[in-house]
Amino acid sequence: MEISERASQLTPSITLSIDSKAKAMKAEGLDVCGFGAGEPDFDTPEHIKAAAIAALEGGFTKYTPSAGLPELRQAIADKLQADNGLSYKPSQIVVSCGAKHSCYNAILATCQEGDEVLIPSPYWVSYPDMVRLSGAEPVIVPTTERNGWKMRAEDFENAMTPRTKMLILNSPNNPSGTVYTREELEKIVEVAAEEEIYILSDEIYEKLVYDETQHVSVASLSKEAYNLTITINGFSKSYAMTGWRLGYMAAPEAVAKAVDSIQSHSTSHPCSFAQRGGLAALKGDQQPLADMRDEFDLRRNYMYDRITKIPNITAVKPQGAFYVLVNISQLGLSSQNFADRLLSKANVAVIPGVAFGDDRTVRLSYATSIDIIKKGLDRFQDFCRTL
Ligand SMILES: Cc1ncc(COP(=O)(O)O)c(C=O)c1O
């Protein structure tokens, strides 16, 4: 059977291949320290699980509206107003099977052959392939460690062509942990507004910010920003609900309608009782989230302090998410070679930056226990010293 051109152009996920190598080594009985995790190592809070169990036991097992439960869309609208200063009607919100699905739906609803989509690198691994699936062309905008791995408005302006349709912004960022300030976002929005470039603003890590850092929602910056932005968020990272597959987007009415149509003919709505869990997450006790954030903060400080003491590697202190992006370019190895050798020689799994469009770096996740972080960093440090 012939595979379509569309599917053939996709790149296999490098993150998953390192992960499966590490798992195979663990299965052989090797003591592997994994820094590859892209999900919180905490369990979903009990009250959220209880709500889903009650829904299941109460027979809440049938189809829901394709855009999600009305009460969940209302709760999301309330959350966006309270936390982000954004006024969306429930009809502007579509709940999907994870924020990944929301991003994909949104790109599919707005981009097509002939369009270019700007993606600052390092980027979350799935964006370019999502863009390719829509028929549009991903255009990578490299950033530098010196600029804190942030795309400046002038970088944006220089990368723009008459075909530019959309910019994908991800703050707090995976893999760099960088968080754009209000002023930086305002300048970017100004450029986007001049040429009516859409902004896909992936805010999935918004609750995981540290020190004095404040998360700013792009759509809240101005009326123009609101009209050009598709806001993406979800439950995976804030509420440790990665396996539940629940995310959402909020956008101008026409986009939400198109996304609802796409979804109604593909996956339909996300799992009915998972949606009840999502409702409990938004309406219930937020303390587990705060506790998780505090624990991540301790690990972040520990990991960053250790890494910056190792000669010939550098890092920018992450202000959000749960990753430290390490610049290994002085060591003279490609990121894949570095990650492969680190795994086979020192039993430490990291994600090579080539997966994020930046071969100068590797990503270490601190979504793992402090004991593993300590042990893994001892090995990481010894390994770097041998190079
Ligand atoms: C930046 C970013 N966006 C979206 C997602 C997808 O989240 P979800 O599990 O809700 O699909 C991830 C997951 O790793 C991510 O890092």
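For sorting residues by class, Ala, Val, Leu, Ile, Met, Phe, Trp, Tyr, Cys and Pro count as nonpolar, Asp, Glu, Lys and Arg count as charged, and the others, Gly among them, count as polar. The structure described here is a predicted model.

**Ala 52**

- Ala 52 belongs to helix H3, which covers residues 46–57.
- Ala 52 has a relative accessibility of 7% and therefore counts as buried, since the limit for that class is under 20%.
- When residues up to four places away in sequence are not counted, Ala 52 touches Trp 244 and Phe 273.
- Between Ala 52 and Leu 289 there are 18 Å in space, taken from C-alpha to C-alpha, while the two residues stand 237 residues apart in sequence.

**Thr 110**

- Thr 110 is part of helix H5, which is made up of residues 99–110.
- The relative accessible area of Thr 110 is 10%, so Thr 110 is buried.
- A polar atom in the side chain of Thr 110 lies 2.8 Å from the backbone oxygen of Ala 106.
- With neighbours within four places in sequence left aside, Thr 110 is in contact with Asp 115, Lys 165, Met 166, Tyr 198, Ile 230 and Val 255.

**The largest cavity**

- The volume of the largest cavity is about 100 Å³.
- The largest cavity is lined by 14 residues, and those closest to its centre are Pro 120, Pro 122, Ile 168, Asn 170 and Asn 173.
- Strand E3 (116–121) and strand E5 (164–170) are the elements that each give two or more residues to this lining.
- In the lining of the largest cavity, ten residues are nonpolar and four are polar, and there are no charged residues.

**The second largest cavity**

- The second largest cavity has a volume of about 50 Å³.
- The residues that line the second largest cavity are Lys 79, Glu 206, Lys 207, Asn 233, Gly 234, Phe 235, Ser 238, Tyr 239, Tyr 248 and Leu 282.
- By class, the lining of the second largest cavity comprises four nonpolar, three polar and three charged residues.
- Under the classes given at the start, Lys and Glu count as charged, Phe, Tyr and Leu as nonpolar, and Gly as polar.

Conventions
Residues numbered from 1 in each chain as written. Predicted model: local features only at pLDDT ≥ 70, side-chain atom pairs only at ≥ 80, totals over all residues. Heavy atoms only, no water. Helix = DSSP H or I, 4+ residues; strand = E, 2+ residues; numbered from the N terminus. Buried < 20%, exposed > 50% of the residue type's maximum accessible area, 1.4 Å probe, protein only. Contact = heavy atoms within 4.5 Å. Polar contact = N/O pair within 3.5 Å; in protein donor to acceptor, adjacent residues only side chain to side chain. 1 Å grid on protein atoms, 1.4 Å probe; cavity = no way out; pocket = protein on both sides within 12 Å on 5 of 7 lines; lining within 4 Å. Points joined across faces, edges and corners; volume = space filled by probe spheres on them.
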